[in-house]
Amino acid sequence: MTQQTKYNMVKDQITEWIMSGKVKPGEKIYSENELVKMFGVSRHTVRQAVGELVHDGLLYREQGAGTFCSSTATAIHKQTAGQNEQPVQPPASNGKNIGVITTYISDYIFPSIIKGIESYLTDQGYSLTFACTDNNIEKEKQCLQTMLDRNIDGLIVEPTKSSNFNPNLHYYLQLEQNNVPYLMINQYYSQLMPPHIIMDDEHGGFIATEHLIELGHEKIIGLFKTDDRQGVNRMQGFIRAFREHGLPFFPDMVITYTTEEKDGSLIDRLEKYFSSESKPSAIVCYNDELALQVLNMLRRLGLSVPEDVSIIGYDDSFLAEASDIKLTSVTHPKMDMGVEAAKWIVSAVENRSNDSYSKVYEPELIIRNSTAPRLKVKEA
């Protein structure tokens, strides 16, 4: 059984306990040691599964007391249990509804972004309709059609496959014609140049790579998802770091992939780099989720992090601290981005405007123990 299968087994079983009522809101779940023995998995696997359930809102931790079932678990489950869109609030007192479309809802950093949006909008008396595209163009089309049918008053949207031409642009033009304001987060469609809140991902890729260069690494591999502009920009920052530090750069130092290729084949392609004599000493990953997959691969190959290979993630998500190896990672504003998006959309709806607006967050590098100086790497 693979590490990923074990992780899913633990997460799915705890989720089933919660949804079936075996563990009720406010009740404590089994301890980490008990879960390790029960499932026959590593402590790392248990921490990763429980950590993600905490950030999904199904569980919460109390310092010194343990981990407990959340009172909002059932509502969150209904929100994300296999439906592309689901209203999650009763009609608001002001009768206004905001649509929120993201690529994912319950995975990775998205619960934090959505929590930021929801906390502000509900305080202002707005109802929300959530939808997710799974980064799929056809699903985005369905989500946009649903939002238009619901006569939403405003829309917060994360674009789907933002580095490619999008065939759904006419839906956004229809929103403009209907005088419905919309705001894009994380990235935006360059053909539209809409109001947006994003990260300076080029700078994020640069500071991650520069950190490794300053530690003495030269043979650095970059893994970047290129059907989203975030990945393209992070890759540009990666390349710029070599350029500014006067280091040689070769095409095989970058491995690109798409949404459909993120499971399995990417790791197989990376693994081949470690069968050659000139092994990379460091890896920059598109995000923390990928960084953990790389960490598991290196362990399988008998390599240690950071002694043999340094790794950097991106987004400073809960996964950065889910393993015994704490990931050096580039920050992402997450909840603050959600709150700022909600503030803008409320102002735009109430003032009936879709004026030009942009906010760019400057990333920082959080240094943990997944990176080390090149001089400390064991030589063959």
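Helix α3 covers residues 43–56, which makes 14 residues. From its first C-alpha to its last it reaches 20 Å, close to the 20 Å expected at 1.5 Å a residue. Please keep in mind that this is a predicted model.

- Is α3 largely enclosed or largely open? Of its 14 residues, 11 are buried, so α3 is largely enclosed by the rest of the structure.
- Among the buried residues of α3 are His 44, Thr 45, Val 46, Gln 48 and Ala 49. The list also includes Val 50, Gly 51, Glu 52, Leu 53, Val 54 and Asp 56.
- After α3 comes Gly 57, which has a positive phi, near 90°.

**Where α2 meets α3**

- Helix α2 (residues 32–39) packs against α3 at an angle of about 115°, and their axes are 9 Å apart. Angles of 65 to 115 degrees count as roughly perpendicular, so α2 is roughly perpendicular to α3.
- On the α2 side, the contact is made by Glu 32, Asn 33, Leu 35 and Val 36. On the α3 side, Arg 43, Val 46, Arg 47 and Val 50 take part.
- The crossing in which α2 passes α3 is right-handed.

**Where α6 meets α7**

- Helix α6 (residues 137–149) and α7 have axes 10 Å apart and pack at an angle of about 20°. Angles under 35 degrees count as roughly parallel, and α6 and α7 are therefore roughly parallel to each other.
- Their crossing is left-handed.
- Which residues meet here? From α6 come Glu 140, Lys 141, Leu 144, Gln 145 and Leu 148, and from α7 come Tyr 171, Tyr 172, Gln 174 and Leu 175.

**Asn 166, in a loop**

- Asn 166 sits in the loop between β6 (154–157) and α7 (169–177).
- Buried or exposed? The relative accessibility of Asn 166 is 0%, so Asn 166 counts as buried.
- Its side chain makes a polar contact with the side chain of Tyr 189, at 2.9 Å. A polar atom of the Asn 166 side chain also lies 2.6 Å from the backbone nitrogen of Asn 168.
- Leaving out residues up to four places away in sequence, Asn 166 touches Ile 137, Glu 140, Thr 160 and Tyr 189. Glu 140 is also one of the α6 residues that meet α7.

**Arg 229, in α9**

- You will find Arg 229 in helix α9 (residues 229–244).
- With a relative accessible area of 21%, Arg 229 is partly exposed; buried would mean under 20%.
- Not counting residues up to four places away in sequence, Arg 229 touches Ser 162, Ser 163, Gln 187, Tyr 188 and Ser 190.
- A polar atom of the Arg 229 side chain lies 3.3 Å from the backbone oxygen of Tyr 188.
- How far apart are Arg 229 and Asn 33? In sequence they are separated by 196 residues, and in space by 42 Å, C-alpha to C-alpha.

**Thr 209, in α8**

- Thr 209 belongs to helix α8 (residues 201–214).
- Thr 209 has 0% relative accessibility, so Thr 209 counts as buried.
- What does Thr 209 touch? Setting aside neighbours within four places in sequence, Thr 209 is in contact with Ile 220, Phe 238, Ala 241, Phe 242 and Val 284.

How values were computed: Residues are numbered from 1 along each chain as its sequence is written. This is a predicted model: local features need pLDDT of at least 70, side-chain atom pairs count only at pLDDT 80 or more; totals for chains, interfaces and linings use all residues. Side-chain values use heavy atoms; hydrogens and water are left out. Helices (H or I, at least four residues) and strands (E, at least two) are DSSP runs, numbered from the N terminus. The expected span of a helix is 1.5 Å times one less than its number of residues. Buried means under 20% relative accessible area, exposed over 50%, partly exposed in between (1.4 Å probe, protein chains only). Contact means heavy atoms within 4.5 Å. A polar contact is a pair of N or O atoms within 3.5 Å; within protein, one must be able to donate a hydrogen and the other to accept it, and residues adjacent in sequence count only if both atoms are side-chain atoms. Axes are lines fitted to C-alpha atoms, for helices over the stretch in contact, and angles run from 0 to 180 degrees between N-to-C directions. Angles under 35 degrees count as roughly parallel, over 145 as roughly antiparallel, 65 to 115 as roughly perpendicular and the rest as oblique. A crossing is left-handed if the near helix is turned anticlockwise from the far one by less than a right angle, and right-handed if clockwise.
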